[in-house]
Amino acid sequence: MASYGVVENMFVQELARNGQDPPLPYITREDDRPTNVSSPASPIPAVDLELLFSSDGDSQTSEMDKLRSALHSWGLFQAIGHGIPSSLIDDVGKIAREFFHLPTEEKRKYSKAVWREGNETDEIALEGQVIEWCDHLYLQVLPEDERDLSCWPENPSSLREILNEYTKKIKVVIEVTLKAMAKLLDLEEDYFIKQIGDKATTFARFNYYPRCSRPDLVLGIKSHSDGSGITILLPDQMVDGLEVLKDGQWVNVHAIPYALIINVGDQMEIMSNGIFKSPVHRAVTNSEKERISLAMFLAVDGEKEISPADELIDEDKGQPRLYKKLKVKEYLGVYYQNSLQGKRSIDWAKV
Ligand code: OGA
Ligand code: NI
């Protein structure tokens, strides 16, 4: 694509370093531009994961209530009491920053994993597609035996070990969250764990948002909902940038230090028959500071089918089935195609 030569095989970071204003393919349509963000009237609810299964009945009930209310009103919550040491969280931030600060030539060694929209000519060939102000490092972390270690950077040297440690902790967070969500729906505690299957996949996506001279014109990540079951985001400890669409308004998500942001994904919306909604969110940039985040996407085994839980469907009680039964792989294919065009896929899954 000669007309886009300027962005081909170029990291956004390089554009940012040159201090140049964003080239045309990065400029979002006028109605998508990140203006008019309101700060949350009430902060994003925090849920203490440890209390969700506390032996003290009262605190357990009250924490479950908080989770229910957060999922109903926001589709996301900040998780505290998650058991991940702050030092490990700091290490994750550190290796991510170190990796993205490596010379471009070094990062190119991992170009299979250092993926970003626009790197592939085919992808930017889509008419009207706006490119995001973000570089990614995208690695499958689970199941362990499906890791492609040739994509895992050896530089910084502790990256593999730290990501492995962090993944182990996240696995526990995922389990606790899925159990609590099943309980909220009066399903068997292991319902979602069984649904996602033995071959549940988890991808780690490090997002790197360089500073941008015109944050009013670009988006770090365009408006989307995640195609996952659930997503566990480790936000930047210093810099905000995640926004969630609530009641038609973009709201800045400001996290408590060392909290994780956990959100419902499309697969969970389907399995819960729409009781849990996968929130629409985006990431914005700023002109002062770069920002880093790590999203862990948990998805159902691609070979499996998902469907709303039978227990949640009752025509007589006015709870009709809202989503079709569909193969996860097929959903993700549709999701990927749609997301290139900035479209959501959940409507496609509706009956
Ligand atoms: C994502 C995402 C938000 C962020 O990676 O899907 O929504 O704050 N990231 O980086
Ligand atoms: Ni997302």
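This is a predicted model: local features need pLDDT of at least 70, side-chain atom pairs count only at pLDDT 80 or more; totals for chains, interfaces and linings use all residues.
Biologist: How many residues surround ligand 1?

Modeller: A residue is put in the shell if one of its heavy atoms lies within 4 Å of the ligand. The closest are R205, Y209, H281, R291 and S293. By class, the shell holds six nonpolar, four polar and three charged residues. The number of residues around ligand 1 is 13.

Biologist: How far is the polar side-chain atom of S293 from an oxygen atom of ligand 1?

Modeller: The cut-off for a polar contact is 3.5 Å between N or O atoms. The side chain of D226 has an N or O atom 3.3 Å from a ligand oxygen, and for the side chain of R205 the distance is 2.9 Å. For S293, the distance from a polar side-chain atom to an oxygen atom of ligand 1 is 2.6 Å.

Biologist: And what share of the accessible area of ligand 1 does the protein cover?

Modeller: On its own, ligand 1 has 290 Å² of accessible area.

Biologist: Which element supplies the largest share of the shell around ligand 1?

Modeller: Elements that each give at least two residues to this shell are β4 (201-209), β5 (221-224) and β11 (291-299). The largest share is four residues, and it comes from β11.

Biologist: How many residues line the largest cavity?

Modeller: Nearest its centre lie H224, D226, L233, L242 and H281. Two or more lining residues come from each of β4, β5, β6 (230-234), β9 (260-264), β10 (281-283) and β11, with the largest share, four residues, from β11. The lining divides into 10 nonpolar, six polar and four charged residues. The number of residues lining the largest cavity is 20.

Biologist: Which elements each supply at least two residues of the lining of the second largest cavity?

Modeller: The residues that line this cavity include S223, H224, Y335 and S339, as well as K343 and R344. Their classes are one nonpolar, six polar and three charged. The elements that each supply at least two of the lining residues are β5 and α10 (328-340).

Biologist: How much space lies in the largest pocket?

Modeller: A pocket is an open set of grid points, whereas a probe cannot get out of a cavity. The largest pocket is lined by 24 residues, with Y138, R205, Y335, Y336 and S339 nearest its centre. By class, these lining residues are 10 nonpolar, nine polar and five charged. The space in the largest pocket is about 700 Å³.

Biologist: Which element gives the most to the lining of the largest pocket?

Modeller: At least two lining residues come from each of β3 (135-142), β4, β5, β11 and α10. The highest contribution is five residues, and the element that gives them is α10.

Conventions:
Residues are numbered from 1 along each chain as its sequence is written. Chains are lettered from A and ligands numbered from 1 in the order in which they are written. Side-chain values use heavy atoms; hydrogens and water are left out. A polar contact is a pair of N or O atoms within 3.5 Å; within protein, one must be able to donate a hydrogen and the other to accept it, and residues adjacent in sequence count only if both atoms are side-chain atoms. Accessible areas come from the Shrake-Rupley method with a 1.4 Å probe; for residues, only the protein chains shown count as cover. Ala, Val, Leu, Ile, Met, Phe, Trp, Tyr, Cys and Pro count as nonpolar, Asp, Glu, Lys and Arg as charged, and the others, Gly among them, as polar. On a 1 Å grid over the protein atoms alone, a cavity is a set of points where a 1.4 Å probe fits but cannot get out, and a pocket is an open set with protein on both sides within 12 Å along at least five of seven lines; lining residues have an atom within 4 Å of a point. Grid points are joined across faces, edges and corners, and a volume is the space filled by probe spheres set on the points.
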